[in-house]
Amino acid sequence: MTGLEVHGTRLTCQLAGSPDALLRAATRHTITGILATEPPLEDLFHAYYIGDSDAA
């Protein structure tokens, strides 16, 4: 997990890999919504070719 920011009741971060640990910790609180987005395909290919294993 990178880029963790908390603004009032909103948490934002970038997650690579399984979301299991994050979701287990979050379920201790009231969750009103979750927004998950994938990086653009171009970014994934670029990260693959430069060897950035955290991009996916």
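Colleague: Before we start, what pLDDT do local features need here?

Modeller: Residues are numbered from 1 along each chain as its sequence is written, and side-chain values use heavy atoms, with hydrogens and water left out. As this is a predicted model, totals for chains, interfaces and linings use all residues, side-chain atom pairs count only at pLDDT 80 or more, and local features need pLDDT of at least 70.

Colleague: Thanks! In what order do the elements run from the N terminus?

Modeller: Helices (H or I, at least four residues) and strands (E, at least two) are DSSP runs, numbered from the N terminus. The protein has 2 helices and 2 strands. From the N terminus on, their order is β-β-α-α.

Colleague: What is the radius of gyration of the protein?

Modeller: The C-alpha atoms fill a box of roughly 40 × 20 × 15 Å along the principal axes. The radius of gyration is taken over C-alpha atoms, and the globule rule is 2.2 Å times the number of residues to the power 0.38. A compact globule of 56 residues would come near 10 Å, but the protein has 13 Å.

Colleague: And what percentage of the residues is buried?

Modeller: Buried means under 20% relative accessible area, exposed over 50%, and partly exposed in between (1.4 Å probe, protein chains only). Strand E1, residues 2-7, is hardly covered, with a buried count of 0 among its 6 residues. Helix H2, residues 41-50, is hardly covered too, with a count of 1 among 10. Over the 56 residues of the protein, the buried share is 4%.

Colleague: Let's turn to the hairpin: which residue in its turn has a positive phi?

Modeller: Two strands pair if DSSP finds at least two bridges between them. E1 and strand E2 (residues 10-14) pair in the antiparallel sense over 4 bridges. The hairpin they form has 2 residues between the strands, and the one in the turn with a positive phi, about 65 degrees, is glycine 8.

Colleague: Which residue in E2 is the bridge partner of valine 6?

Modeller: E1 and E2 pair in the antiparallel sense. Histidine 7 stands opposite arginine 10 in E2. For valine 6, the bridge partner in E2 is leucine 11.

Colleague: Which residues make the nonpolar surface patch?

Modeller: Patches are made of residues with over 30% relative accessible area and no salt bridge; like charges are joined within 9 Å, and nonpolar side chains (Val, Leu, Ile, Met, Phe, Trp, Tyr) within 5 Å. Accessible areas come from the Shrake-Rupley method with a 1.4 Å probe, and for residues only the protein chains shown count as cover. This patch covers about 480 Å², and its members are Met1, Leu4, Val6, Leu11 and Leu15.

Colleague: Is leucine 15 buried or partly exposed?

Modeller: Leucine 15 lies in the loop between E2 and helix H1 (20-26). Its relative accessibility is 32%, so leucine 15 counts as partly exposed.

Colleague: How far apart are the C-alpha atoms of methionine 1 and alanine 16?

Modeller: Methionine 1 sits in the segment before E1, and at 54% relative accessibility it counts as exposed. Methionine 1 and alanine 16 are 15 residues apart along the chain, and their C-alpha atoms are separated by 6.4 Å.

Colleague: Which residue forms a salt bridge with arginine 24?

Modeller: A salt bridge is a side-chain nitrogen of Lys or Arg within 4 Å of a carboxyl oxygen of Asp or Glu, and the whole structure holds 1. Arginine 24 is exposed at 55% relative accessibility, and both partners lie in helix H1, 4 residues apart, about one turn of the helix. With the closest N and O atoms 2.8 Å apart, the partner of arginine 24 is aspartate 20.

Colleague: Last one: how are the rings of tyrosine 48 and tyrosine 49 arranged?

Modeller: Rings of Phe, Tyr and Trp (its six-membered ring) pair if their centres lie within 6.5 Å; planes under 30 degrees apart count as stacked, over 60 as edge-to-face and the rest as tilted. The structure holds 1 aromatic pair. The ring centres of tyrosine 48 and tyrosine 49 are 5.1 Å apart and the planes stand at 80 degrees, so the pair is edge-to-face.
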